[in-house]
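The following exercises concern one structure and are each followed by a worked solution. Please consult the sequence and the coordinates while working through them.

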Amino acid sequence: MELRQLVYFTEVAKREHVSEAAEALHVAQSAVSRQIANLEDELGVKLFEREGRNVKLTPIGRHFLQHIESALKAIDYAKQQIEEYLDPERGTIKIGFPTSLASYTMPMVISTFKQQHPHISFHLRQGSYKFLIEAVKKREIDLAFLGPVPTEEKGIQGDILFTESFAALIPTDHPLNQKRSIALSELRHEPFVMFPEGFILRKIVEDACKQAGFSPIISSEGEDLDAIKGLVSAGIGVTLLPESTFYETTPRYTVKVPIELPLVRRNVGIILPKYELAPSVNVFYQFVKQFFTMLDRYQ
């Protein structure tokens with residue numbers, strides 16, 4: 001079994017078309033067909049079945065693909081480590097982050113890091129809480145920023161970088177808009193704008209409302225911060241958001257009001273797999289820990 005055969009097999013499986021795979025690989029279609037046939041002969045099974053001009057994976061082919069994708073990722077990671085050991089300052093780091101850290105925390109960290117390490121590059125991936133955890137486990141990304149940091153996930157480790165409070169965001173014409181702070185229970189009869197079910201920020205808000213003695217009335221949902229802030233600006237409802245999402249500015253036609261009871265907080269940190277990091281990834285990881293230690297010291 002040759003590496004070339006596995007690469008050809010994966011490309012055909014992805015495109016479900018031999019000629020398109022050959023074009024993407026910059027080789028002749030006959031070469032791809034021959035290598036797939038050789039692979040099937042060696043394994044003693046059919047990996048593909050024809051459907052007109054297309055091909056589809058057989059059940060055993062789908063099972064084989066899962067293992068081959070993991071093997072190819074491991075090979076790519078090994079090559080990356082060798083390249084970075086030769087020059088850690090020219091590596092590439094794959095980082096994941098949620099929408100709540102996109103506007104302030106991530107730009108601040110990466111821009112400061114790039115000043116010290118200008119030749120290290122980044123591939124950035126935004127995603128949901130569960131997606132980012134799984135992506136780190138599967139080595140699809142090197143590390144991820146998350147809030148809160150998971151504590152019971154196998155195969156990953158986490159470091160808390162800082163803790164932040166949540167504040168209420170309400171329309172400017174709301175009766176509570178002049179208050180310096182509020183108890184969360186004062187919003188019990190208000191319509192809430194929330195992230196969809198399954199988002200970690202929604203769970204934090206729902207748990208806080210439960211602690212305050214009520215279940216929120218959910219009038220609308222939005223999948224990103226801009227959508228949620230926009231709905232509040234339009235007077236659709238109120239919401240709770242982490243303080244870091246207000247660092248740039250409070251949206252027009254809204255007012256941010258601190259919550260004094262109960263204290264709604266989350267920790268924010270970084271997660272990474274429990275194996276040896278590539279050199280450039282380790283450089284970034286050590287920088288992040290030191291950066292937030294210094295930031296906390298001067299605040």
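**Exercise 1.** How many salt bridges does the count come to?

*Solution.* The model is predicted, so local features need pLDDT of at least 70, side-chain atom pairs count only at pLDDT 80 or more, and totals for chains, interfaces and linings use all residues. Residues are numbered from 1 along each chain as its sequence is written, and side-chain values use heavy atoms, with hydrogens and water left out. A salt bridge requires a side-chain nitrogen of Lys or Arg within 4 Å of a carboxyl oxygen of Asp or Glu. By this rule the count comes to 15. Helices (H or I, at least four residues) and strands (E, at least two) are DSSP runs, numbered from the N terminus.

**Exercise 2.** Describe how helix 1 and helix 3 are arranged, and identify the residues in contact.

*Solution.* First, the geometry: the axes of helix 1 (residues 3-15) and helix 3 (residues 29-43) come within 9 Å and cross at roughly 110 degrees. The axes are lines fitted to C-alpha atoms over the stretch in contact, with angles running from 0 to 180 degrees between N-to-C directions. Helix 1 and helix 3 are therefore roughly perpendicular, a term for angles of 65 to 115 degrees. Next, the contact (heavy atoms within 4.5 Å): helix 1 contributes Arg4, Gln5, Leu6, Tyr8, Phe9 and Val12, while helix 3 contributes Ala31, Val32, Gln35, Ile36, Asn38, Leu39 and Glu42.

**Exercise 3.** Is phi of His26 positive or negative, and where does His26 lie?

*Solution.* For reference, most residues other than glycine have a negative phi. Phi of His26 is near 60 degrees, a positive value. The residue His26 is found in the loop between helix 2 (18-25) and helix 3.

Conventions: Parallel < 35°, antiparallel > 145°, perpendicular 65-115°, else oblique.
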